[in-house]
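Here are some friendly notes to read alongside the model. Please keep the picture open and look up each residue as you go.

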Amino acid sequence: AYFSNWSFLNGMESSVELLFLGLALASFSTDRTASFRLSLSMFFFGLMVLSRLDDVFFLLPVLVLVWKSHCGGPRRRVMASVALPLAMIAAYLIYNRVSVGVYMPVSGSIKAGLSVWENLHNTLRLIVPGRWSQMTAGDEFYSEIFMRIFQMLAPMALCGIFLLRRERSAWGLIEALCVGVLLKSAYNFVFVRTFHQG
């Protein structure tokens, strides 16, 4: 069933990914006196990305936030915290290259390619009256495409609106994660075919 909670916590990597994301958020702190918490949070962010590599789009703005929040202070601790998840990901990519011959996972390599035209075409078919009637597969096919396009574009729209309308001037963790949503959605829309979407 669409939008059921269990569908996002299936037997694949989603459950592990969300566990590590939750632990990363629970331990996150940019307070300069909480260097251990920051390192622990970065470790969990690294595990989140290793659970699902395209979640690197959430990690990158968080790393920028952490780096910018420590401007003017001692850089050694923040450099170690920022380097931790990057080293974890680099070790994984090197292991993949040595063992399989490619840096990215095989499933990601197969799905990679320019898909923006297919995704644009499917989006237009969903919203332009009469375009869907040319299809013969019926409502089931429509709902499958609709849910994949909706789950790509709706979070992007909501996060974009939030970032444009926010009232506070300083950027925090919520803003960094919203930028991550924008990056991941844009990547999926441009490079991942509609039926390769989760």
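Predicted model: local features only at pLDDT ≥ 70, side-chain atom pairs only at ≥ 80, totals over all residues.

1. Residues are numbered from 1 along each chain as its sequence is written, and side-chain values use heavy atoms, with hydrogens and water left out.

2. Start with the whole chain. Its secondary structure comes to eight helices and zero strands; helices (H or I, at least four residues) and strands (E, at least two) are DSSP runs, numbered from the N terminus. Of the 198 residues, 36% count as buried, where buried means under 20% relative accessible area, exposed over 50% and partly exposed in between (1.4 Å probe, protein chains only).

3. Now find helix H8, residues 173-191. Its 19 residues reach 27 Å from first C-alpha to last, close to the 27 Å expected at 1.5 Å a residue; the expected span is 1.5 Å times one less than the number of residues. Among the buried residues of H8 are Leu173, Ala176, Leu177, Gly180 and Lys184.

4. Which helix passes H8 in a right-handed crossing? That is H3, covering residues 56-69, and the two axes come within 7 Å and cross at roughly 145°. Residues of H3 that meet H8 include Phe57, Phe58, Pro61, Val62 and Leu65; contact means heavy atoms within 4.5 Å.

5. Next, look at the rings. A search of the whole structure finds five aromatic pairs. Rings of Phe, Tyr and Trp (its six-membered ring) pair if their centres lie within 6.5 Å; planes under 30 degrees apart count as stacked, over 60 as edge-to-face and the rest as tilted. Phenylalanine 20 and phenylalanine 44 are stacked, at 6.5 Å centre to centre with 15° between the planes. Phenylalanine 20 lies in helix H1 and phenylalanine 44 in helix H2, so this pair ties together parts 24 residues apart in sequence.

6. Phenylalanine 43 joins in too. Its ring centre is 5.8 Å from that of phenylalanine 44 and the planes stand at 55°, so this pair is tilted. Phenylalanine 43 is partly exposed, at 34% relative accessible area, whereas phenylalanine 44 is buried, at 15%. Ring pairs link Phe20, Phe43 and Phe44 into a cluster.

Terms used. Axes fitted to C-alpha atoms, helices over the stretch in contact; angles between N-to-C directions. Left-handed = near helix turned anticlockwise from the far one by under 90°.
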